[in-house]
There are 4 protein chains.
Amino acid sequence: MTATPPDVLRCAYAEFVVSDLAASREFYVDVLGLVVTHEDDEAIYLRAFEEYLHHSLVLRKGDTPALAVLAYRVRTPGDLDLAEAYYRELGVRVERRPAGATRGIGEAVRILDPLGFPVEFFHEAEHVERFTQRYDVHGAGALSRLDHFNVCTPDVPAARKYYEGLGFRVSEDIQDDEGTVYAAWMFRKPTVHDVALTGGDGPRLHHIAFAGHERHQILHICDHLGAVRRSDMIERGPGRHGVSNAFYLYLRDPDGHRIEIYTHDYYTGDPDNPVITWDVHDNQRRDWWGNPVVPSWYAEASPVLDLDGAVQPLVVRSDAREADVTIGADGFSYTAEQQGFKLGQQV
Amino acid sequence: MTATPPDVLRCAYAEFVVSDLAASREFYVDVLGLVVTHEDDEAIYLRAFEEYLHHSLVLRKGDTPALAVLAYRVRTPGDLDLAEAYYRELGVRVERRPAGATRGIGEAVRILDPLGFPVEFFHEAEHVERFTQRYDVHGAGALSRLDHFNVCTPDVPAARKYYEGLGFRVSEDIQDDEGTVYAAWMFRKPTVHDVALTGGDGPRLHHIAFAGHERHQILHICDHLGAVRRSDMIERGPGRHGVSNAFYLYLRDPDGHRIEIYTHDYYTGDPDNPVITWDVHDNQRRDWWGNPVVPSWYAEASPVLDLDGAVQPLVVRSDAREADVTIGADGFSYTAEQQGFKLGQQV
Amino acid sequence: MTATPPDVLRCAYAEFVVSDLAASREFYVDVLGLVVTHEDDEAIYLRAFEEYLHHSLVLRKGDTPALAVLAYRVRTPGDLDLAEAYYRELGVRVERRPAGATRGIGEAVRILDPLGFPVEFFHEAEHVERFTQRYDVHGAGALSRLDHFNVCTPDVPAARKYYEGLGFRVSEDIQDDEGTVYAAWMFRKPTVHDVALTGGDGPRLHHIAFAGHERHQILHICDHLGAVRRSDMIERGPGRHGVSNAFYLYLRDPDGHRIEIYTHDYYTGDPDNPVITWDVHDNQRRDWWGNPVVPSWYAEASPVLDLDGAVQPLVVRSDAREADVTIGADGFSYTAEQQGFKLGQQV
Amino acid sequence: MTATPPDVLRCAYAEFVVSDLAASREFYVDVLGLVVTHEDDEAIYLRAFEEYLHHSLVLRKGDTPALAVLAYRVRTPGDLDLAEAYYRELGVRVERRPAGATRGIGEAVRILDPLGFPVEFFHEAEHVERFTQRYDVHGAGALSRLDHFNVCTPDVPAARKYYEGLGFRVSEDIQDDEGTVYAAWMFRKPTVHDVALTGGDGPRLHHIAFAGHERHQILHICDHLGAVRRSDMIERGPGRHGVSNAFYLYLRDPDGHRIEIYTHDYYTGDPDNPVITWDVHDNQRRDWWGNPVVPSWYAEASPVLDLDGAVQPLVVRSDAREADVTIGADGFSYTAEQQGFKLGQQV
């Protein structure tokens, strides 16, 4: 590659295709408390309380629930030209989109990235009221901002290399003694990640995550779902991640799209920020408290669309799978290395 | 006294006269999040989320903002007869009220107590839905239940003796080296208090308090008032009390009635529960962090009505006043005894 | 029964036989932060930060890890005579123990109760410093007080009847449509329980519970166990109970004794406190968020000793077992009744 | 200026001269819980739990309590050369310091900045264990990382221009209708600030701040100081700032150096991050809840040393002072603009 990559600021928004806007609204607005910037019969544009761009999540009505796009914001309008040139040299499909092609978003470059994901780069966006101090409308589970994307991709080292080319750095990863890489966390803004690479059949979207300030806000979301008898939407957690140290909760929206609620990770902005490599057999890597990861969390993910709206075909992971090497008859995990291995238990 | 006192369970409800129901509603419902059991043009009946009796607070429209009644619940219907006989022997005015005289409340005995307060005893009350797990309607500052009353009375030892006659016990008090008693906390349910006696001109109502579960809920109420530009309603706190160890916040409603939000006190139900006596000069007795008590908190309180609805005249406190002995040119307070006294500072 | 039962205040202390005092000390003192009142080569006497009696937990060294005694405090010394007469009429073994038979505890009556548990009643106990405001030694997971016992007993209705005879009342229970009772929660102090009756082979001790003030304190205990690589001690949770509404965590000590950490239940002290009956198939009864109960939590419990220190034989439960009717091929549970039943999933 | 400024990452460490190392250690280690990286008879090197560089605070024994240096980390070793050239062109005193001149810090450039402060730029530093997940040693008031410096300087617009030259941007400021600037908040890392400029006689250090994750950690520090009868160390707060939206607490160390504990500010990393200008008369700008700022907070600050260790002389602020225009007979403040002005009250 000779082209200069665009200067990516951070993950900025995602667009989901959902089958029932009203059902999705109940989840994202009534339960999660996201702020509606705009809504009509076709789509709902949402943001969290500390965001001032038009939206960080678009829900668009459609027949096939899927991820329609992952968008990164770039530092300057000129970065769009860099992005276009960069991806043309990479040889993937590239589209220039005029301002307003997505409501509230300025001119953009949209590509199908080498991992198979529809990705957009934009700089300009409409500013809206930042609700940071609108405590009169903050619920007990108030969310602050979009934090990261997590994508399933079969070849994690290849995906890491691609994202390093875009200027992302690794904060943490999961490996085994033989060098198989199961997952990696990569960032531009100085948090643990803007995008996590999860080894699996791909391209699929594992989840997107919103950050809050304190853990009781996450616990309230669970309590709220219990109160409306939708505790089945709680897939995993709440818990403390080993990786990232974040307190987490995984929910499934009415179409099965996975949403993480996340808080308490750490500053990674210094250039020598220490990379943490976790052993795939370490029982506390995914949950610091050793609580099991539910099988669906490993197995299920959202399909992704290409730039024409067709579902992308999957490439099967050929490396070992984390669930297989850590759960069940062939897998093993440990809590404390000196205590030896614990066979056949969930991790 | 030869009569047997009624078996008081706990403080149960208060009725406030307010000048503007709509303004009060904004405060009690929109900000504090109390649940409306019933409302009409004359009154609003409110309860907190874990309460199943009809109300713990009544706001009644009237010209003169005042306390209309403090109500205690008694264990059995038969305790009403005991109450009637007890107060007749005490020689104060006693009225028997039929069920429904106050909406939602059964038969009751209402008296003008020896301290000059309108007090009601009742057993029966209408049951309503307990919202303990209705997390879908709990706001970020959810309140659980009425916790206590705090009354201004000129002679604290006399008031204590009266309440001990009713079976209340003291958990904590504030005194000086010469035996002057400035305040006492008394309970029936096993918390620090159902009623606190604050030395001052009386009868006046110092405040009523609602309890929540966690401190962030109290902090949110402050944030909410800031967001609606009504931070002037925050009179004192938030802070940690020395007495009771509770985390506290004092608000003033639109008529100046003082409401405390309260959490984290301790179990007092064993008969040998140790009584804690605080030195009036101890700078941490009213705020464990040594933050000053604002003068209005010492000086202002709500008038109280007699059983005919007329404002009760005040009896002036003749003993030393806490504000005088601890604040200003003649007062002194200390944080650590060995560090000597700190003259002329607010406590 | 013609005898008057003693006036029980509350659950007061438990004594565990542990196999390794040093290992137990690491768990109860270094991780849970309990205060050591006394320790020697044979035993450790522990209390939580808001307790002023000598201890609420005794760990005694022995070969067979077991429950040695559950102790209730009674209101007066005279209640010991009532207890003695009451249990003699019940026909169970009764022993009078002199003051100091257990360090820090006055004269006591010890019995083998009709459910097969060694139970003590005492009134007098040595007072020690109450650490309520000793924030300099409170850790991030500070515990306030012993909250309750939970015992396994085969016939829950019979056990309930026995405890009702002692003046306990039911706050909540779990039943099915055919009237089988799976568990019941009973109290003297006005919380959800002093003792819970869990249907199962008995007598066995399911757990004892300590209460804290806020949920982050419970989460810290999990984080702490992760940090010392003992997350295997976390058996279940943290989570929100449906029953009691409490936030919970279940740990296993080095001998497998189960400890619950507990906060946020509600006031039950009024005589008409509404009893809540949960359907055994309701997926949110044990965890409001629908997270599964681990099988060990249903299956395992501590043996209990008789008054001579021999392990009590078990009586097998003949009624249906909660795990069987809610988990696996024959069991079913639901989150929302209208959504129908979910077969074969963990609850 | 033609020289290129160094690429500053963030505020990195401060060095305080303290009169009594043991007394300072009690405050910073026993109360605040900072981790000791190294200590000897002359100095203590401290860091917070999520920091992996050698220290973020040095306490050095000396006769005159003062600020010895404020240090910023730069992105590359080459930035040291840029810094040297930049400040030589600026015409201030510049010193090159070899690695180890300060323990744990590599080669550095130290200058006396145009505002009169001793400032260091460094890139290399010794790495030490990051205690992010060492929950076994985290206290209830655990601190995560140094967040910012706050300096008193007479001419805020001039100081802002200087820092903008270094690549800092403004997030928020306080002005009046006539354009007087009372304070400005400026950042390199994407938080509200790395340095705040407070209008006043200068150069003096107003405070340095450490960030934690949740508010209960800040409240615990207050409780802890109460428990050891040092509540006099609490100068202001806890409270919620209007500016920055952060939850705050101001403490004074044994020499009077001011330490802020801080949490909950927001992401500022996008280039169009909206600047918030507060009206100096807005009563919620310094405390969102309208609680008064204590006079000492406006009046007192630490002296700063020049590069030879002599105390810098002060330049008096000639513009209006915030305390004067908002407190007392000549000042005014308001909570809600439409309610008119509130004269003569503290803000």
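Visitor: What makes B:Ala66 the bridge partner of B:Val17 in this predicted model?
Guide: In this predicted model, B:Ala66 of E5(B) is the residue that bridges to B:Val17. The pair belongs to strand E1 (residues 8-18) and strand E5 (residues 66-74) of chain B, which run antiparallel and are joined by eight bridges.

Visitor: What is the strand order in chain D?
Guide: Chain D has an open sheet of eight strands with mixed pairing, ordered E2-E3-E4-E1-E5-E8-E7-E6. Here strand E2 (35-39) and strand E6 (94-97) of chain D are at the edges, because each has a single partner strand.

Visitor: How do you know that strand E7 and strand E8 of chain D pair?
Guide: Strand E7 (residues 108-112) and strand E8 (residues 118-122) of chain D are joined by five bridges and run antiparallel. The rule asks for at least two bridges, so they count as a pair. One of the bridges links D:Leu112 with D:Pro118 in E8(D).

Visitor: What lies across strand E7 and strand E8 of chain D?
Guide: Helix H2 (residues 78-90) of chain D does, and it also lies across E5 (66-74) and E6 of that chain. Helix H2 of chain D runs at about 160° to E6(D).

Visitor: Why is the pair A:Arg215 and D:Glu214 called a salt bridge?
Guide: The cut-off is 4 Å between a side-chain nitrogen of Lys or Arg and a carboxyl oxygen of Asp or Glu. The closest N and O atoms of A:Arg215 and D:Glu214 are 2.9 Å apart, so the pair qualifies. Between chain D and chain A the count is eight salt bridges.

Visitor: How many residues of chain D and chain A are in contact?
Guide: The contact involves 36 residues of chain D and 36 residues of chain A. Together the two chains bury about 3100 Å², 46% of it on carbon and sulfur atoms. On the side of chain D, D:Gln133, D:Glu214 and D:Tyr267 lose the most area, together 19% of what that side buries.

Visitor: What does the interface of chain B and chain A hold?
Guide: It takes 14 residues from chain B and 13 residues from chain A, and the buried area is about 970 Å², 67% of it from carbon and sulfur atoms. The count of salt bridges between chain B and chain A is zero, and one residue pair is in polar contact.

Visitor: What makes A:Arg188 and A:Asp7 a link between separate parts of chain A?
Guide: Their side chains meet in a salt bridge at 2.7 Å, N to O. A:Arg188 lies in the loop between strand E11 (181-187) and strand E12 (195-199) of chain A, and A:Asp7 in the segment before strand E1 (8-18) of chain A, so the pair ties together parts 181 residues apart in sequence.

Technical notes: Residues are numbered from 1 along each chain as its sequence is written. Chains are lettered from A and ligands numbered from 1 in the order in which they are written. This is a predicted model: local features need pLDDT of at least 70, side-chain atom pairs count only at pLDDT 80 or more; totals for chains, interfaces and linings use all residues. Side-chain values use heavy atoms; hydrogens and water are left out. Contact means heavy atoms within 4.5 Å. Buried area is the accessible area (1.4 Å probe) that two parts lose on being put together, summed over both. Helices (H or I, at least four residues) and strands (E, at least two) are DSSP runs, numbered from the N terminus. Axes are lines fitted to C-alpha atoms, for helices over the stretch in contact, and angles run from 0 to 180 degrees between N-to-C directions. A polar contact is a pair of N or O atoms within 3.5 Å; within protein, one must be able to donate a hydrogen and the other to accept it, and residues adjacent in sequence count only if both atoms are side-chain atoms.
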